[in-house]
Amino acid sequence: MKVAVLGAGAIGAYVGAALHRAGADVHLIARGPHLAAMRQHGVRVLSPRGDFTARAHATDDPAEIGPVDFVFLGLKANSYAACGPLIEPLLHDTTAVVAAQNGIPWWYFHRHGGPHDGHRVESVDPDGTVSAVLAPERAIGCVVYAATELEGPGVVRHLEGTRFSIGEPDRSVSKRCLDLSEAMIAGGLKCPVEPDLRNDIWLKLLGNISFNPISALARATMRQMCLHGGTRKVIEIMMTETLSVAEALGCEVGISIERRLAGAEKVGDHRTSTLQDLERGKPLELDVLLAAVVELAEITGVEVPTLRTVHAISDLLALRSAA
């Protein structure tokens with residue numbers, strides 16, 4: 001199995017290191033000091049499950065790699081439309097693209113069935129610019145439950161969780177999913193093949209859609225948001241509205257809001273990825289988390305006034321931070 005990790009940051013390098021340890025032919029695509037460190041020393045993974053080093057091939061030029069069986073996308077979703085020159089050298093007729101993103105993916109309604117089959121979610125695929133680069137038929141969905149961070153160039157700190165749920169847009173249990181799952185498991189990760197990954201997408205989104213924008217607006221950690229009575233109430237309402245949209249699209253999350261809040265509180269003083277991006281002056285990945293759900297509420301007729309309000313304010317924050 002030949003795998004390219006496009007965007008070998010904290011999650012991408014962690015997955016690449018695990019697959020390399022399992023014997024896959026892994027190629028890591030990165031840049032800057034992180035790339036230089038991986039070239040010289042490999043990927044060093046520091047984990048409570050045991051430290052290890054994977055000396056996979058690392059480059060900034062996908063043409064060096066050529067076509068692969070799987071491309072694991074570690075890029076932020078707002079980079080997908082511009083990644084064509086990077087991904088094209090990696091593709092052959094049957095290359096699968098594994099998109100490890102938060103929020104609503106560009107392929108959401110591809111082979112979905114029902115009244116919205118084939119509908120394009122404009123917030124995440126404006127004018128089809130993402131689908132033009134990443135053909136939906138190549139997509140394997142991936143919901144990440146692992147927490148990692150780059151401790152330094154070439155050094156990945158694995159904090160918790162090893163689950164990477166994957167699935168086909170058409171809900172089939174395909175050979176390509178089973179092959180990838182087998183390789184991920186051999187590398188020490190959990191990788192269930194879910195018949196309907198959309199349930200997992202909404203489960204994770206339940207937290208991302210509320211905690212991420214609120215954390216950026218309030219400059220607050222997970223614990224701080226959960227312990228502040230007013231903010232906690234806003235988050236509860238946002239989660240309730242999100243569940244209503246999910247249910248209107250036929251998805252079941254299978255967890256109570258109180259349990260989701262209790263889990264978030266236990267995380268402690270963790271800063272969400274959106275807050276970290278804001279602090280580092282990076283673009284805020286809010287379209288796939290919040291704007292997309294507001295758009296889905298419109299097509300399903302679900303009222304989401306609090307989501308709309310938080311979206312309006314956080315969208316202005318994103319525009320001002322990018323200026």
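User: What makes up the open sheet here, and in which order do the strands come?

Analyst: Four strands do, in the order E4-E3-E10-E9, with mixed pairing. Strands here are DSSP runs of E with at least two residues, while helices are runs of H or I with at least four, both numbered from the N terminus. This is a predicted model, where local features need pLDDT of at least 70, side-chain atom pairs count only at pLDDT 80 or more, and totals for chains, interfaces and linings use all residues. Residues are numbered from 1 along each chain as its sequence is written, and side-chain values use heavy atoms, with hydrogens and water left out.

User: Which are the edge strands, and what makes them that?

Analyst: Strand E4 (52-54) and strand E9 (147-152), since each pairs on one side only.

User: Why do strand E3 and strand E10 count as paired?

Analyst: Two strands pair if DSSP finds at least two bridges between them. Strand E3 (residues 43-46) and strand E10 (residues 155-160) are joined by three bridges, so they pass, and they run parallel. One of the residues involved is Leu46, whose bridge partner in E10 is Arg157.

User: Why is Thr242 called buried?

Analyst: Buried means under 20% relative accessible area (over 50% is exposed, in between is partly exposed; 1.4 Å probe, protein chains only). Thr242 has 1% relative accessibility, so it counts as buried. Thr242 sits in helix H8 (residues 229-248).

User: What does Thr242 touch, leaving aside its neighbours within four places in sequence?

Analyst: Trp202, Leu206, Ile209 and Leu307. Contact means heavy atoms within 4.5 Å.

User: And Thr221, why is that one buried?

Analyst: Its relative accessible area is 9%, so Thr221 falls on the buried side. Thr221 is in the loop between helix H6 (197-218) and helix H7 (222-227). Setting aside neighbours within four places in sequence, Thr221 contacts Gly268, Asp269, His270 and Arg271.

User: What makes a set of residues a nonpolar core?

Analyst: They must be buried Ala, Val, Leu, Ile, Met, Phe, Trp, Tyr and Cys residues, joined through side-chain atoms within 4.5 Å. The largest such core has 68 residues, and among those with the most contacts inside it are Tyr80, Leu134 and Trp202. H6 gives the most to this core, with nine residues.

User: Where does this core lie relative to domain 1 and domain 2, and why?

Analyst: Both domain 1 (2-195) and domain 2 (199-322) give residues to this core, so it lies between them. Those bounds come from an automatic or database domain assignment. A second, separate core of 40 residues includes Ala8, Ala17, Ala56 and Val193.
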